[in-house]
Amino acid sequence: MAASRLPPGTLTLKQFLRRQQVLLLYRRILQAFQQVPNVSDRYLKNWAREEFKRNKSATEEDTIRMMITQGNIQLKELEKTLALAKS
């Protein structure tokens, strides 16, 4: 295999795409938290930030994919709950 011309620490395409998925999930979670009534917005944002920071060092592809899937499932449940609360 030929040596890469990319500098050390550069993300592969797969890593870059996973990173984009994680960032999108994070933004969607923060947007959903803005719709939660009567709860400290700062508390929820800090909780989400700490959860993402805690898992920042994960490098195993399957683990990252599982965490993204689990996060999307939990986000969908939160969005459903918020929709029911509004109606």
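**First stop: helix 1 and helix 2**

Helix 1 crosses helix 2 in a right-handed way (right-handed if the near helix is turned clockwise from the far one by less than a right angle, left-handed if anticlockwise; helices are DSSP runs of H or I, at least four residues, numbered from the N terminus). A word on the ground rules: this is a predicted model, with local features needing pLDDT of at least 70 and side-chain atom pairs pLDDT 80 or more, while totals for chains, interfaces and linings use all residues. Residues are numbered from 1 along each chain as its sequence is written, and side-chain values use heavy atoms, leaving out hydrogens and water.

Look along the pair: helix 1 and helix 2 pack at about 165 degrees, axes 10 Å apart (axes are lines fitted to C-alpha atoms over the stretch in contact, and angles run from 0 to 180 degrees between N-to-C directions). The two are therefore roughly antiparallel (over 145 degrees).

Now select Val22, Leu25, Tyr26, Ile29, Leu30 and Phe33 in helix 1; they meet Asp41, Leu44, Lys45, Trp47, Ala48, Arg49 and Phe52 in helix 2 (heavy atoms within 4.5 Å). This contact has 10 nonpolar, no polar and 3 charged residues (Ala, Val, Leu, Ile, Met, Phe, Trp, Tyr, Cys and Pro are nonpolar, Asp, Glu, Lys and Arg charged, the others, Gly among them, polar).

**Next: helix 3**

Select residues 13-33 (helix 1) and 61-86 (helix 3): they pack at about 20 degrees, with axes 10 Å apart. That makes them roughly parallel (under 35 degrees). Their crossing is left-handed.

**Last stop: the largest pocket**

Which residues lie nearest the centre of the largest pocket? Pick Val22, Phe52, Asn55, Lys56 and Met67, from a lining of 31 residues (on a 1 Å grid over the protein atoms alone, a pocket is an open set of points where a 1.4 Å probe fits, with protein on both sides within 12 Å along at least five of seven lines; lining residues have an atom within 4 Å of a point). Helix 3 gives the most to this lining, 10 residues.

Key. Parallel < 35°, antiparallel > 145°, perpendicular 65-115°, else oblique.
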